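Colleague: I have not looked at this one before. Can you take me through it?

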Amino acid sequence: IALGKPAEHRTPDDIEDMVKFTRKLDFFKHMQESTREDLCKTMCLVNQPAGAILHLSTDPMENQPWCIVIVGRLAVIASEESGSHPVWFFEAGQTLARPYLNLFVGHGRMQAHTEAITAVRYIQVSVPVHLQAEFKVWTRPLWYE
């Protein structure tokens with residue numbers, strides 16, 4: 001319920017509930033409690049219908065939020081001259097961000113995007129500039145698990 005509230009209307013109890021909830025998510029497991037609390041203060045819950053495009057490989061990579069899938073299924077769709085096809089799927093509990101698309105885009109004319117395959121609900125986490133350097137260290141292990 002707290003995630004559904006606008007950030008400016010969240011109480012300290014709401015933030016505490018959100019911090020407890022995030023302890024179950026791999027995305028937060030390498031973070032200190034104070035950092036987790038800071039992120040909980042601004043993260044939001046997003047609902048998207050099937051077919052919604054979340055990220056494009058042509059989008060700038062700076063200041064892109066991270067998404068933690070709660071319900072539903074997303075796919076990375078690669079597109080090239082011969083057509084488009086899914087190359088990776090994200091489901092409940094998994095984390096994705098715009099930089100992941102670089103793993104699927106070659107040096108040629110291939111592009112990629114993240115698309116909701118079903119209706120999807122996810123947590124959107126924007127990382128403040130002062131945490132971005134540390135954040136890369138905390139999330140790097142997620143790429144290899």
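This is a predicted model: local features need pLDDT of at least 70, side-chain atom pairs count only at pLDDT 80 or more; totals for chains, interfaces and linings use all residues.

Colleague: Fine. How many helices and strands does the chain have?

Modeller: There are 3 helices and 8 strands. In sequence order the pattern reads α-α-β-β-β-β-β-β-β-β-α.

Colleague: And what share of the residues counts as buried?

Modeller: The chain has 145 residues, and 37% of them count as buried.

Colleague: What about contacts along the sequence: what percentage join residues at least 24 apart?

Modeller: Taking contacts between residues at least 6 apart in sequence, 72% join residues at least 24 apart.

Colleague: Let's go inside. Which residues have the most contacts in the largest nonpolar core?

Modeller: Phe 28, Met 43, Leu 74 and Val 125 do, in a core of 34 residues. Two or more residues each come from helix 1 (12–22), helix 2 (33–42), strand 3 (66–71), strand 4 (74–80), strand 7 (111–116) and strand 8 (120–125).

Colleague: Take Val 125. What is it in contact with, sequence neighbours aside?

Modeller: Once neighbours within four places are set aside, Val 125 is in contact with Phe 27, Phe 28, Leu 39, Met 43, Pro 65, Trp 66 and Ile 68.

Colleague: Helices next. Which residues of helix 1 are buried?

Modeller: Asp 14, Ile 15, Met 18, Val 19 and Thr 22. Viewed down the axis of helix 1, these buried residues fall within an arc of 140 degrees, so they line one face of the helix.

Colleague: Why would residues spaced like that point the same way?

Modeller: An α-helix has 3.6 residues a turn, so residues three or four places apart point the same way.

Colleague: What covers the buried residues of helix 1?

Modeller: Helix 2 is part of that cover. The two helices pack at an angle of about 115 degrees, and their axes are 9 Å apart. The contact involves Ile 15, Met 18, Val 19 and Thr 22 on helix 1, and Glu 33, Arg 36, Glu 37, Cys 40 and Lys 41 on helix 2.

Colleague: Is the crossing of helix 1 and helix 2 right-handed or left-handed?

Modeller: Right-handed.

Colleague: Which residues are buried in helix 2?

Modeller: Thr 35, Arg 36, Leu 39 and Cys 40 are. Down the axis of helix 2 they also fall within an arc of 140 degrees, so they line one face of that helix.

Colleague: Back to helix 1 for a moment. Is Glu 16 buried, partly exposed or exposed?

Modeller: Glu 16 lies in helix 1 and is partly exposed, because its relative accessibility is 42%. Its C-alpha atom is 8.7 Å from that of Cys 40, which is 24 residues away along the chain.

Colleague: You mention a cysteine. How many disulfides does the structure hold?

Modeller: It holds 0.

Colleague: Now the strands. Where does Thr 95 lie?

Modeller: Thr 95 lies in strand 6, residues 95–96. Thr 95 counts as buried, because its relative accessibility is 10% and the cut-off is under 20%.

Colleague: What does Thr 95 touch?

Modeller: Not counting residues up to four places away in sequence, Thr 95 touches Phe 27, Trp 66, Cys 67, Ile 68, Phe 90 and Tyr 100.

Colleague: And the loops? Where is Pro 49?

Modeller: Pro 49 is in the loop between strand 1 (44–48) and strand 2 (53–56). It counts as exposed, at 51% relative accessibility.

Colleague: What does Pro 49 touch, then?

Modeller: Beyond residues up to four places away in sequence, Pro 49 touches Ala 116, Thr 118 and Ala 119.

Colleague: One more loop residue. Is Ser 82 buried or exposed?

Modeller: Ser 82 is exposed, with 71% relative accessibility. It lies in the loop between strand 4 and strand 5 (83–90).

Colleague: How far is Ser 82 from Met 110?

Modeller: They are 9.9 Å apart in space, C-alpha to C-alpha, and 28 residues apart in sequence.

Notes:
Residues are numbered from 1 along each chain as its sequence is written. Side-chain values use heavy atoms; hydrogens and water are left out. A disulfide is a pair of cysteine sulfur atoms within 2.5 Å. A nonpolar core is a set of buried Ala, Val, Leu, Ile, Met, Phe, Trp, Tyr and Cys residues joined through side-chain atoms within 4.5 Å. Buried means under 20% relative accessible area, exposed over 50%, partly exposed in between (1.4 Å probe, protein chains only). Helices (H or I, at least four residues) and strands (E, at least two) are DSSP runs, numbered from the N terminus. Contact means heavy atoms within 4.5 Å. The arc is that of the directions from the helix axis to the C-beta atoms. Axes are lines fitted to C-alpha atoms, for helices over the stretch in contact, and angles run from 0 to 180 degrees between N-to-C directions. A crossing is left-handed if the near helix is turned anticlockwise from the far one by less than a right angle, and right-handed if clockwise.
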